[in-house]
Amino acid sequence: HGLVKSSVFPVPARGTCRVRLVYEEVLEIDGDRIDYSLPRTESPQYKVPWSVAIDWSIKEGLAAVYSPSHHMTEERAGSKRIKLTNAGKMQPGSLLLSATRRKPDNATASVMAYPDARLGKDSGYFLLLLSPPELKEKKSVKREVSVVIDKSGSMAGEKIEQALKAATQIIEGLEDGEAFNIIVYNEAIESFSNKPVIKNRANTLAARKYLSGIRVSGGTNIHDALQTAVAQKPTDGMLPIVLFLTDGMPTIGQTNEKKIRETISSNNKSKRRIFTFGVGIDVNTPLLSRLADDSRARATYVLPKENVELKVASVFRRLSGPVLGEPVLTSVDEKGNKSPADVSDVLPGRLPDMFAGEQIVVLGRYHGKKQLRFKLDGKGIQGERKFRFTLPLKKARHGNAHVPRLWATRKIALLTEALRDLGAESSAKVNMSDPKVKELVDEIVRLSTEYGVLTEYTAFLARDGMIFAQDMHRRAVSRASVEIEQKAVQKRSGQASVNQDWNIGKSKGAAQVNRGNYYLNDKLETAKVDQVCQVADKAFYRKGNEWVDAGLAGKGKDAEQATSVKVTSPEFKNIVDQLIKENRQSCLALGSNIRVVVNGKNYLITAK
């Protein structure tokens, strides 16, 4: 990005000199999106905290601000201005920010693209930013909320007290004229009412009295409790929601995880969103996660010493009603007809509800196109809404390295979840040698190796030095199969299950790159995979005192046949020029002793 050179004098010994640099920069507009980059080294050795505060305003109004590189805290200051800050902890690499301009009574869409010749001519990866239309009238959707509370014996003490306080807070938080019901369960199912009632003073007082009389005992009949909740006749004109709390696994009635999911999904005729809350670590986390996913909701886990009431309240605050419910995104041609061949592997496959002020990040592959066309259909407050977008791909570039990496992160999570689902049938032992199962593991290993996106199941790729063995892929698939079977398939409850669903959920919705490959381990502690580094669109693995290009993975001794180049040599300049041309010059931030593939040739770059 250029060089700033200055002379500062005098600075006393052990003194402090504070330098302020002020500059102006003209930002380029790409459709309805404006991009900004604040340069910073990608060196993993650079540990200096970086505090950033950004005040961004757009006269047309801001639909949303998105950073693919870093997590930022947002504070809205009206519809045209937003303030962003970080906590002083920044992973390596430039801070990338994109702001999309608001369009009156229209959804906003913008695309970033990364070209990849391996997918074909005019093909590559895309990242689509979607923001819902701004409401002309601040009219919210009325809600019908059914709170389903586990009152089995294990809920005794603080758990049931917090759950009852949360239920009271939810009912009190509803507006008069909205609807609610309370369903409690152990081995039997009881209800405050046989159907949701309208909130008014009399019903609120009756609900308080009902909640105060709940006592814990017995087992856990999850199936029948959920069946009762979804079978209720919905209240006309209201958004039906279920808040489901449990601290255990199904022990009474139907206990098969797969059959519970199938039954509730097929019987949920009113399309109730089922927000699940697992209290403690003895819950069936895959069941709760998938029940939420199946209904366009989300799962939340309340870990030991965390407050149930606060967690439930934080989710409930989002339930003011979506601006666009049940959105469907479809690839179309210039005539508006479906054109599924234009894109593939679109993630998420089903969009979540779109809420005011939020942005949905969609990732996928595009094929043989110089522009993408989509239609977005959904249900608004005033009925059906339809939107159309035509998005040019002329600015596709390798500098958008975050696009394929985020896609790979989500794809790995999706494949892992598919393998985790195999353990839902408790009566059947999973055959990891099955070709269909092996194919999933094979793809996880390939993507993990290529993009340097490692999880608790593939961290061994960096730690054990296996990555450069001649038969690396075969050995890695075998090892990953064992890791996935012992963890993802077999562990369905406890700390070693909670952490997995937390990791998978975070990766499935990944919107920022995870350069450090951070994850939650089976002790619910944050872990990091060292010995691997994501730089530009490449991944490098540590081998001795060298950083080695992932493009050399599995090459064995062939990977050691490299042309040695010193940074003082004329040839080094040619390599730098080529890396700049490919937007990969940041690879040099790794320091000396870098083994990198440039134009298909293996180079070992050294300082001396």
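Tutor: A polar contact is a pair of N or O atoms within 3.5 Å, where, within protein, one atom must be able to donate a hydrogen and the other to accept it. The model discussed here is a predicted one.

Student: How many residues apart in sequence are the parts tied together by the salt bridge of aspartate 501 with arginine 420?

Tutor: In the salt bridge of aspartate 501 with arginine 420, the closest N and O atoms are 2.7 Å apart. Aspartate 501 belongs to helix α11 (residues 495-508) and arginine 420 to helix α7 (residues 402-421), so the parts that this pair ties together are separated in sequence by 81 residues.

Student: Is arginine 420 buried or exposed?

Tutor: The cut-off that matters here is that buried means under 20% relative accessible area, whereas exposed means over 50%. Arginine 420 has a relative accessibility of 2%, and therefore counts as buried.

Student: Which strands hold glutamate 326 and lysine 379?

Tutor: The side chains of glutamate 326 and lysine 379 meet in a salt bridge, with an N to O distance of 3.7 Å. The pair ties together parts that are 53 residues apart in sequence, because glutamate 326 lies in strand β17 (residues 325-331) and lysine 379 in strand β20 (residues 371-380).

Student: What are the relative accessibilities of glutamate 326 and lysine 379?

Tutor: Glutamate 326 is buried, while lysine 379 counts as partly exposed. The values behind these assignments are 18% for glutamate 326 and 41% for lysine 379.

Student: In the salt bridge of arginine 118 with aspartate 116, which residue is exposed and which counts as buried?

Tutor: The closest N and O atoms of this salt bridge are 2.8 Å apart. Aspartate 116 has 8% relative accessibility and so counts as buried, and arginine 118 has a relative accessible area of 60%, so the exposed residue is arginine 118.

Student: How many salt bridges does a search of the whole structure find, and which residues are linked in a network of them?

Tutor: The search of the whole structure finds 47 salt bridges. The residues linked in a network of salt bridges are Arg261, Arg290, Asp293, Asp294, Glu417, Asp421 and Lys508.

Student: Turning to helix α6, within what arc do its buried residues fall?

Tutor: The buried residues of helix α6 (residues 308-316) are Val308, Val312, Ala313, Val315 and Phe316. Seen down the axis of α6, these buried residues line one face of the helix, because they fall within an arc of 165°.

Student: What is included in the cover over the buried residues of α6?

Tutor: At the start of α6, a side-chain oxygen of asparagine 307 reaches to within 2.8 Å of the backbone nitrogen of glutamate 309. The cover over the buried residues of the helix includes β10 (143-150), α1 (158-173), β14 (239-246), β15 (273-279) and β16 (299-302).

Student: Which residues make the nonpolar surface patch of about 340 Å²?

Tutor: Leucine 21, which lies in the segment before β1 (29-30), is exposed with a relative accessible area of 56%. The residues that make this patch are Val4, Leu21 and Tyr23.

Student: Where is proline 348 placed, and what is omega for the cis peptide bond that joins leucine 347 and proline 348?

Tutor: Proline 348 has its place in the loop between β18 (343-347) and β19 (360-366). For the cis peptide bond between leucine 347 and proline 348, omega is about 0°.

Definitions and conventions: Residues numbered from 1 in each chain as written. Predicted model: local features only at pLDDT ≥ 70, side-chain atom pairs only at ≥ 80, totals over all residues. Heavy atoms only, no water. Buried < 20%, exposed > 50% of the residue type's maximum accessible area, 1.4 Å probe, protein only. Helix = DSSP H or I, 4+ residues; strand = E, 2+ residues; numbered from the N terminus. Arc of directions from axis to C-beta. Contact = heavy atoms within 4.5 Å. Patch = residues over 30% accessible without salt bridge, like charges linked within 9 Å, V, L, I, M, F, W, Y side chains within 5 Å. Areas by Shrake-Rupley, 256 points an atom, 1.4 Å probe, with all protein chains shown as cover. Salt bridge = Lys/Arg side-chain N within 4 Å of Asp/Glu carboxyl O.
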